[in-house]
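Me: I have a new model open and want to learn how to read it. Take me through the features, please.

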Amino acid sequence: MPLTRFETFQTLFPAEPAWRFRQIERALFDPRVNGWQDISNLPQDMRAALAENVAWSSIAEANVYASKDGSTRKALVQLHDREKIETVLMKNKRGEWSVCVSSQVGCSMNCSFCATGRMGLRRNLTADEIIDQLRFWYYFLRDKKLDGRISNIVMMGMGEPLANYENVKSTLRQWLACTDIGPNHITVSTVGLLPFLQKILQDAAWPPVRIAISLHSADETLRKKIVPTTTGNYLAELSQWIKKYLQTKASNKRHVTFEYVLLRGVNDSVRDAKLLADFVTTTGRVKVNLIPFNDINDAALQRSNNTDEFAAVLKKCGVTVTVRQSAGLDIMAACGQLANSLYPRP
Ligand code: SF4
């Protein structure tokens with residue numbers, strides 16, 4: 001693993017105080033700054049040494065693809081070790097932009113509906129590599145002169161964020177310190193690995209961003225088929241965790257989201273909806289986000305044709321429910337499709 005920007009800085013300038021690196025972190029998000037030489041509040045010799053020793057971005061190359069409707073861009077990004085990841089820019093309902101970032105190269109969680117899971121895990125991303133996906137889109141909007149600010153970040157790209165806990169935490173802290181995007185507009189989406197969820201409860205340095213749990217079934221046996229990391233007694237422990245989280249880490253207005261990909265004939269029946277509604281009532285402030293399944297070239301999996309009825313059952317039971325619109329299907333940029341490819345693989 002290469003040294004991080006901070007480690008390289010410390011190696012080059014061991015006597016420099018910590019605030020010096022804070023200056024650098026802020027400059028990384030300054031749209032007027034295009035490289036180390038432009039950071040005018042650093043001494044000239046420091047700029048020269050940084051330019052010689054530290055890449056300005058951890059993204060070595062990127063190809064950007066636009067959906068036909070112009071609402072979505074996907075960047076297929078090459079890192080300095082030639083590993084590849086994807087990151088997505090989407091127009092949101094307010095006419096602003098949301099960025100979806102990856103936290104790992106591939107993923108070991110192997111969720112049944114997800115193309116990334118089929119890659120397996122290649123490695124964790126460094127904090128710099130996660131941070132720089134957002135910087136990449138800032139520069140993209142600036143250079144392409146596209147209107148609208150980036151207002152939201154979702155960590156729902158390739159990888160399981162909590163399996164890369166420390167790097168994800170550093171990333172979140174840096175985004176919050178250096179951009180105008182607040183914690184209510186940053187969401188970490190996780191399959192809900194209980195040891196890491198428990199760690200969040202104990203971790204005073206974990207930032208107050210939103211948490212979304214990829215639930216996909218409130219039947220534990222079925223969930224294990226969709227999300228193989230499901231452990232015994234998972235739902236009861238998750239329910240306990242949510243209650244503690246809402247009591248100790250979240251403001252009164254804050255909720256947890258359950259993400260639920262609707263798979264035809266798998267988890268989309270009225271019974272499944274009622275089970276989900278019952279589970280939600282055990283947890284406290286939880287909203288449900290229903291996600292249409294997006295094609296990953298697997299004939300065994302199909303998009304549900306029962307979304308309206310499923311949502312109606314939840315609403316009737318008093319559950320707050322939203323239905324996500326798929327964006328970027330034609331460039332394989334929608335939820336579950338990220339696998340470093342543009343078209344369904346044979
Ligand atoms: S849905 Fe997320 S956690 Fe599951 S395999 Fe895909 S990337 Fe990994």
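**Reading the model, feature by feature**

Reply: Start with the domains, whose bounds come from an automatic or database domain assignment. Taken over C-alpha atoms, the centres of domain 1 and domain 2 lie 32 Å apart. Domain 1 covers 1-56 and domain 2 covers 57-331. This is a predicted model: local features need pLDDT of at least 70 and side-chain atom pairs pLDDT 80 or more, while totals for chains, interfaces and linings use all residues. Residues are numbered from 1 along each chain as its sequence is written.

Me: How many residues of domain 1 are in contact with domain 2?

Reply: Contact means C-beta atoms, placed from the backbone, within 7 Å. Here 11 residues of domain 1 meet 13 residues of domain 2. On the domain 1 side, helix α2 (residues 18-28) gives the largest share, three residues. Helices are DSSP runs of H or I, at least four residues, and strands are E runs of at least two, numbered from the N terminus. That side of domain 1 has seven nonpolar, one polar and three charged residues. Ala, Val, Leu, Ile, Met, Phe, Trp, Tyr, Cys and Pro count as nonpolar, Asp, Glu, Lys and Arg as charged, and the others, Gly among them, as polar.

Me: What about the core? Which residues have the most contacts inside it?

Reply: In soluble globular proteins, nonpolar side chains tend to be buried together. A nonpolar core is a set of buried Ala, Val, Leu, Ile, Met, Phe, Trp, Tyr and Cys residues joined through C-beta atoms within 7 Å. The largest one here has 80 residues, and V99, F113, Y260, L262, L276, V288 and L314 have the most contacts inside it. Helix α4 (residues 127-144) contributes the most, six residues. Beyond four places in sequence, the contacts of L262 include L290, I291, F293 and F310.

Me: Is N110 buried, exposed or partly exposed, and why?

Reply: Count other C-beta atoms, placed from the backbone, within 10 Å: 20 or more is buried, 12 or fewer exposed, in between partly exposed. N110 has 16, so N110 is partly exposed. N110 sits in the loop between β5 (104-106) and β6 (121-124). Its phi is near 60 degrees, positive in a residue other than glycine.

Me: Which residues surround the ligand?

Reply: A residue is near a molecule if its C-beta atom, placed from the backbone, lies within 6 Å of it. The shell includes N110, along with C107, C111 and C114. The shell divides into six nonpolar, five polar and one charged.

How values were computed
Contact = placed C-beta atoms within 7 Å.
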